[in-house]
Amino acid sequence: MAVAIPTAAAAVLGVAPLAHADAGPYCLDSERNCGVFYYNSDLKGSFTAFRGSSVSDLAGYTFLTSGSGKGQAVKNNAASFHNQSIDQIATVFFHSGYSGACDTFAPLTSGDRLHNTYNENASMGFGRSGTNCYKWN
């Protein structure tokens with residue numbers, strides 16, 4: 001019952017409930033998995049780093065750093081991506097729940113303009129791949 005009240009209050013007030021993945025302005029040196037979404041192409045503009053675990057729905061997350069796009073939703077607004085993971089692929093998916101067209105990034109690889117998920121990015125998974133993915137090596 002205690003969990004339902006904050007969620008219901010958030011819905012009534014029009015505020016998104018808190019997201020569960022660890023997101024911040026930067027990747028931490030100690031993190032094995034970290035993927036960074038950028039608001040603009042060429043890894044520019046505001047960005048947000050997702051650390052440690054996959055994110056099945058990017059709703060509720062915003063671009064955190066200064067620059068173009070700060071405060072905008074990450075979901076369906078990212079133009080470029082960097083996989084800072086040293087040993088895991090990272091895949092950006094068109095739909096929530098890790099489905100649809102996708103862009104897959106080898107470790108330590110960037111995409112200056114997302115191919116299949118440009119401004120249509122809804123989830124991101126480490127160590128996951130999908131069908132119909134554009135491969136960034």
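**Figure 1. Aromatic cluster and ring pairs.** F37, F50, Y61, F81, F105, Y134 and W136 form one aromatic cluster. This is a predicted model, in which local features need pLDDT of at least 70 and side-chain atom pairs count only at pLDDT 80 or more, whereas totals for chains, interfaces and linings use all residues. Residues are numbered from 1 along each chain as its sequence is written, and side-chain values use heavy atoms, with hydrogens and water left out. The structure holds ten aromatic pairs; rings of Phe, Tyr and Trp (its six-membered ring) pair if their centres lie within 6.5 Å, with planes under 30 degrees apart counted as stacked, over 60 as edge-to-face and the rest as tilted. One of the pairs is that of F81 and F105, which is tilted, at 4.8 Å centre to centre and 45 degrees between the planes. Because F81 lies in strand β4 (residues 80-83) and F105 in strand β6, this pair ties together parts that are 24 residues apart in sequence. Strands (E, at least two residues) and helices (H or I, at least four) are DSSP runs, numbered from the N terminus. Both F81 and F105 are buried, where buried means under 20% relative accessible area, exposed over 50% and partly exposed in between (1.4 Å probe, protein chains only). F93 and Y98 form an edge-to-face pair, at 5.9 Å centre to centre and 75 degrees between the planes. F93 counts as buried because its relative accessibility is 1%.

**Figure 2. Nonpolar cores and the surroundings of F50.** The largest nonpolar core has 16 residues, and those with the most contacts inside it are F37, F50, V74, F81 and M124. Strands β5 and β8 each supply at least two residues of this core. A nonpolar core is a set of buried Ala, Val, Leu, Ile, Met, Phe, Trp, Tyr and Cys residues joined through side-chain atoms within 4.5 Å. In soluble globular proteins, nonpolar side chains tend to be buried together. Leaving aside neighbours within four places in sequence, F50 is in contact (heavy atoms within 4.5 Å) with D22, A23, N33, C34, G35, F37, V55, L58, Y61, V74, M124 and F126.

**Figure 3. The four-stranded mixed sheet.** Four strands form an open sheet in the order β8-β5-β6-β9, with mixed pairing. Its edge strands are β8 (123-126) and β9, each of which pairs on one side only. The twist averages 20 degrees from one strand to the next, with axes taken as lines fitted to C-alpha atoms (for helices over the stretch in contact) and angles running from 0 to 180 degrees between N-to-C directions. Two strands pair if DSSP finds at least two bridges between them. Strands β5 and β8 pair in the antiparallel sense over four bridges, and A90 stands opposite F126 in β8. Five bridges join β5 (residues 90-95) and β6 (residues 99-105), also in the antiparallel sense. These two strands form a hairpin with three residues between them, and G97 in the turn has a positive phi of about 80 degrees. The pairing of β6 with β9 (residues 133-136) is parallel, over four bridges. D103 of β6 is the bridge partner of V92, and the partner of D103 in β9 is Y134.

**Figure 4. The five-stranded antiparallel sheet.** A further open sheet has five strands in the order β1-β3-β2-β4-β7, with antiparallel pairing. The edge strands β1 (22-24) and β7 (109-111) each pair on one side only. From one strand to the next, the twist averages 20 degrees. Three bridges join the antiparallel strands β1 and β3, and G24 stands opposite A49 in β3.

**Figure 5. R51 in strand β3.** R51 belongs to strand β3 (residues 44-51). It is classed as buried because its relative accessible area is 12%. The R51 side chain reaches the backbone oxygen of Y26 at 2.7 Å. Neighbours within four places in sequence aside, the contacts of R51 are D22, A23, G24, P25, Y26, C27, L28, E31, N33 and C34.

**Figure 6. S41 in the loop between β2 and β3.** S41 is found in the loop between β2 (34-40) and β3. With a relative accessible area of 22%, S41 is partly exposed. The C-alpha atoms of S41 and A79 are separated by 5.0 Å, although these residues are 38 residues apart along the chain. Not counting residues up to four places away in sequence, S41 touches A79, S80, D112, R113 and Y118.

Methods:
A polar contact is a pair of N or O atoms within 3.5 Å; within protein, one must be able to donate a hydrogen and the other to accept it, and residues adjacent in sequence count only if both atoms are side-chain atoms.
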